[in-house]
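Here are some notes to go with the structure. Please read them with the model open beside you.

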Amino acid sequence: MTITAPTVPARVAGLVAELDAVRGVWIGGTGRAATDGTTFAVDDPATGESIAAVADAGTPEAVAAVDSAAAALPGWAATPARTRGEALRRAYELMVADTERLAALIAWENGKALPDARAEVAYAAEFFRWFAEEAVRTDGEYGPSPAGGTRTVVTHVPVGVAALVTPWNFPAAMATRKIAPALAAGCTVVLKPASETPLTALAVARILTAAGVADGVVNVVPTSSSSTVVTSWLEDPRVRKISFTGSTPVGRILLRQAADRIVNSSMELGGNAPFVVCEDADLGAAVRGAMVAKFRNAGQACTAANRFYVHADVADEFVARFGAAIEALRVGSAFADRTEIGPLVSSKARAGVAALVDEATAGGAAVTHQARVPSGDRGWFYPPTLLTGVDAGAAILRNEVFGPVAPVVTWTSEDEMLRWVNDTEFGLAAYVYSGSLQRAMRIAESVEAGMVGVNRGIVSDPSTPFGGVKQSGLGREGAREGLREFQETKYLSVEWT
Ligand code: NAD
């Protein structure tokens with residue numbers, strides 16, 4: 001592999017050498033170079049420098065990956081569920097055992113702080129464990145038809161070759177959240193990781209091979225030309241499923257393309273999570289929850305709290321305590337000592353966040369608290385920021401910020417607050433804090449979102465159905481429902497006279 005950066009951190013050097021990213025198109029259990037020999041650069045967000053050259057796949061590799069997945073499908077689908085589950089369980093163990101190297105790799109290409117990267121490895125591995133357990137629980141039904149004369153047998157079969165497309169913000173977990181249920185169901189996959197973070201996906205593919213998953217079951221196609229590769233898959237009659245995680249605009253494009261062949265589609269799209277604090281909330285707990293919900297991954301999470309609605313009676317105290325916690329955050333490169341918040345993923349991401357903050361302050365909002373960022377002009381750092389006096393109609397409340405900025409709006413009428421909360425095309429996650437559990441649950445039931453954290457600032461858990469309503473997506477990942485996304489229901493009608 002060609003490393004163009006001056007140094008490769010010692011803690012990732014061994015794993016990076018193993019990945020051999022110049023031959024990073026992973027097909028049939030081996031790595032290969034792009035047919036035309038091209039590569040694309042991966043950058044370190046903490047410095048802006050190129051750190052790796054990765055094979056840049058095009059249509060020939062996209063087709064070869066489907067050839068491989070289609071050839072492996074009959075054998076994998078016929079493999080006993082117990083065997084499939086045991087391979088996933090071994091993948092879980094291998095991933096956990098390699099936590100430090102994988103966390104360093106994620107931190108290196110994504111920029112997130114090492115504690116966030118370690119948490120991601122644990123979360124990502126947990127999808128292998130959960131679906132190792134679910135693999136053997138494919139159920140069915142058997143019974144008489146109401147009119148008599150037939151017996152109905154209902155079963156669930158693998159949907160077939162699945163195309164998986166993942167974002168850069170959780171390069172390990174977004175891959176395992178799709179691969180694990182697909183493999184548990186008996187599907188084979190072709191995965192296109194985000195071009196910002198392809199190395200982690202290559203590491204995950206090698207873990208699955210080491211765990212005993214047959215060659216060709218998992219294929220990874222890194223590319224700088226996402227639409228070329230994904231369009232080739234959506235046009236290929238052998239591909240029966242698209243599972244996408246990313247932004248709502250790209251989700252719309254893929255759904256339109258999927259419509260041409262009626263490809264089975266799961267969409268995990270953007271969010272705009274409200275964080276509601278009632279006047280009877282435990283403010284200490286609310287601030288701790290807000291710190292996790294807002295600043296995990298530097299705010300670059302689809303579930304990130306995007307807008308804070310705080311009751312006027314407690315707004316000053318909440319802002320003072322939340323602001324003090326924000327000012328104390330240590331921002332820096334992932335590998336610097338005690339870093340809690342890393343840079344944003346790119347200069348474009350940083351410019352987008354800055355533009356939203358500028359627009360809000362031009363509209364009357366005030367920056368009341370801010371953390372410090374490393375001095376110098378390297379890297380895509382943006383300071384964790386608290387904004388008050390934000391107008392309820394401001395753009396920063398309507399768009400996914402995807403950065404470490406917390407805009408606060410105060411409310412007095414619960415009905416009006418709920419109207420603001422639901423006045424969005426998104427409906428992924430939400431958070432509600434109240435001292436009365438019944439009140440918190442009542443508000444949670446009124447919020448149009450697929451997931452609500454009640455007196456807690458995190459909702460992600462592999463055993464729960466993750467997903468959104470409205471334009472935040474279609475389908476669920478994790479839980480039993482995550483397995484169903486990769487299965488078709490099939491029934492046999494049996495003559496019974
Ligand atoms: P993105 O939509 O730009 O990219 C996601 C993936 O799609 C990447 O692999 C990208 O290369 C690919 N892609 C981009 N354009 C494409 C095209 N025209 N055809 C085919 N593929 C294409 O999103 P991102 O910036 O990588 O990630 C951030 C977004 O993802 C945010 O909106 C965030 O909310 C969302 N997200 C959602 C979830 C969820 O579970 N709902 C989880 C994580 C991230």
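1. In this predicted model, helix α8 gives three residues to the shell around the ligand, the largest share of that shell. The elements that supply two or more residues are α6 (173-185), α8 (226-235), β10 (239-245) and α9 (248-261).

2. How many residues surround the ligand? There are 28 of them, and the closest are Thr166, Arg177, Ser226, Ser247 and Glu400.

3. In Ser247, an N or O atom of the side chain is 2.6 Å from an oxygen atom of the ligand. For Arg177, an N or O atom of the side chain lies 2.7 Å from a ligand oxygen atom. Ser226 places a polar side-chain atom 2.7 Å from an oxygen atom of the ligand.

4. The protein buries 87% of the 840 Å² that the ligand exposes when taken alone. The ligand sits in the largest pocket.

5. A separate point concerns Ser434. This residue is in the loop between β17 (429-433) and α15 (437-446). Is Ser434 buried or exposed? Ser434 counts as buried because its relative accessible area is 4%, and the cut-off for buried is under 20%.

6. Which residues does Ser434 touch, leaving aside those up to four places away in sequence? They are Cys278, Asp280, Ala281, Arg439, Ala440 and Asn455. With Asp280, the side chain of Ser434 also makes a polar contact of 3.0 Å, side chain to side chain.

Technical notes:
Residues numbered from 1 in each chain as written. Predicted model: local features only at pLDDT ≥ 70, side-chain atom pairs only at ≥ 80, totals over all residues. Heavy atoms only, no water. Helix = DSSP H or I, 4+ residues; strand = E, 2+ residues; numbered from the N terminus. Buried < 20%, exposed > 50% of the residue type's maximum accessible area, 1.4 Å probe, protein only. Polar contact = N/O pair within 3.5 Å; in protein donor to acceptor, adjacent residues only side chain to side chain. Contact = heavy atoms within 4.5 Å. Near = heavy atom within 4 Å. Areas by Shrake-Rupley, 256 points an atom, 1.4 Å probe, with all protein chains shown as cover. 1 Å grid on protein atoms, 1.4 Å probe; cavity = no way out; pocket = protein on both sides within 12 Å on 5 of 7 lines; lining within 4 Å. Sits in = over half its atoms within 2 Å of the grid points.
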